[in-house]
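Here are my notes on this entry, in numbered points. Please read them with the structure open.

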Amino acid sequence: MSFVKYEQTGFVGVMTIDREKALNALNSEVLADLEAAIDAIDLDATRCVVLTGAGQKSFVAGADIGEMSTLTKAEGEAFGKKGNDVFRKLETLPIPVIAAVNGFALGGGCELSLSCDIRLASENAVFAQPETGLGITPGFGGTQRLARTINVGKAKEMLYAGTKVKADEALSLGLVNAVYPADELMGAAMKLAEKIARNAPIAVRASKKAVNDGLQVNIDEAIVIEEKLFGSCFETEDQKNGMTAFVEKRKPEPFVNR
Ligand code: CAA
C-alpha cells in the first residue's frame with residue numbers, strides 16, 4: 001500500500017499524496033513513497049505532472065510532527081536531508097510539475113508546493129511555515145525557496161511569525177498563479193498540464209532547465225545556459241515541424257518529443 005497514488009492520463013501524470021487521515025502529513029514512509037513515485041515516472045510517455053493531496057481539506061499539512069517529536073540532532077538533520085533530497089528530485093525532474101494546492105499547505109506542505117514549477121490553489125488553500133512555533137526551522141527547503149519565490153520581507157514574516165496566507169493573498173504575493181473554487185481546481189490544473197503537454201516537449205524541458213539552472217548563477221553564465229539549450233532545439237524534429245508549419249501558415253503536426 002503506497003501513500004502516493006499515480007495515474008496517467010494521456011501525457012499527464014497525476015500524483016496524489018494519500019494519507020488523508022493525517023491531512024497528508026509527510027512521515028518517512030510517505031517521503032519514501034513519494035520518491036519511489038517520482039522515480040517511476042516514465043519520462044518518455046509523460047510531459048507534465050500534477051501533484052495534489054487526497055481529500056477536500058489538505059494538500060499536505062506538513063512533515064509528521066509525531067515522528068519528529070523525539071528526534072535527536074543527528075536524526076533531525078537526516079530527516080531534513082531525506083525531505084530535501086526528495087523535494088530536489090521533484091524540482092529537478094526534467095518535466096514541469098504543477099502543484100494543485102487543495103487546502104492546507106503548511107510547513108513541509110508549503111515547501112513541497114515550492115518545489116513544483118507552478119502552484120494553482122483552491123479557494124480554501126492556506127499557506128504557512130508554522131515551524132518556529134514548534135521550536136524548529138523549516139526543514140524541507142522553506143527558508144530557501146520561499147525567499148526566492150515571494151518578496152524576502154514577506155517570506156521572513158511567514159518564517160518568523162508563522163503568518164498564514166490564504167489563497168487570495170497567495171495570489172497577490174505571486175505564490176500561486178491562480179485560484180479556483182475547490183471543485184474546479186483539478187480540472188484547471190489538468191487543462192494547464194495538457195496545454196503544456198501539447199507544446200514541444202524538448203523545448204519545454206529545456207525552458208525548465210534554463211530557468212532553474214540560470215537562477216543559480218550570474219547573468220552572464222545564465223545567458224550561456226540559455227544559448228546552449230536554445231541551440232540544442234535546432235537539431236530536433238519538433239523544431240522543424242513547428243517552424244515549417246509557421247512558415248507554411250498552417251498548424252504544426254503533434255509534437256513527437258524528438
Ligand atoms: N503531522 C502529523 N499529524 C498531523 C499533522 C502533521 N503535520 N497535521 C495534521 N495531523 C493529524 C492530526 O494529528 C490529526 O490526527 P488524529 O485525528 O489522529 O488526531 C489529523 O491529522 C487531523 O488534524 P486535526 O484534528 O488537527 O484537524 P484540524 O482541522 O483541527 O486542524 C490543522 C488542521 C490546522 C492543519 C492542524 O492539524 C495543524 O495545525 N497541523 C499541523 C500543521 C503544522 O504545524 N505543520 C508543520 C509541521 S513542521 C514541518 O513541516 C517541518 C518541516 O519543514 C520539515
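**Ligand shell and a helix pair**

1. A polar side-chain atom of Glu111 sits 2.6 Å from an oxygen atom of the ligand. Bear in mind that this is a predicted model.

2. Gly139 places a backbone N or O atom 2.9 Å from an oxygen atom of the ligand. At Ile65, a polar backbone atom is 3.0 Å from a nitrogen atom of the ligand. As for cover, the ligand taken alone exposes 980 Å², and the protein buries 61% of that.

3. Next, the shell. There are 23 residues around the ligand. Those that come nearest are Lys57, Ala63, Gly108, Glu111 and Glu131. By class, the shell holds 14 nonpolar, four polar and five charged residues.

4. Which elements each supply at least two residues of the shell? They are α2 (65-68), β6 (104-106) and α4 (108-114).

5. Now the helix pair. Two packed helices are described by the angle between their axes and the distance between the axes. For helix α5 (residues 142-149) and helix α6 (residues 152-161), the axes come within 7 Å and cross at roughly 145 degrees. The crossing of α5 past α6 is right-handed.

6. Which residues meet where α5 packs on α6? From α5 come Gly142, Thr143, Leu146 and Ala147. From α6 come Val152, Ala155, Met158 and Leu159. By class, this contact has six nonpolar and two polar residues, and no charged ones.

Note on methods:
Residues numbered from 1 in each chain as written. Predicted model: local features only at pLDDT ≥ 70, side-chain atom pairs only at ≥ 80, totals over all residues. Heavy atoms only, no water. Near = heavy atom within 4 Å. Polar contact = N/O pair within 3.5 Å; in protein donor to acceptor, adjacent residues only side chain to side chain. Areas by Shrake-Rupley, 256 points an atom, 1.4 Å probe, with all protein chains shown as cover. Helix = DSSP H or I, 4+ residues; strand = E, 2+ residues; numbered from the N terminus. Nonpolar A, V, L, I, M, F, W, Y, C, P; charged D, E, K, R; others polar. Axes fitted to C-alpha atoms, helices over the stretch in contact; angles between N-to-C directions. Left-handed = near helix turned anticlockwise from the far one by under 90°. Contact = heavy atoms within 4.5 Å.
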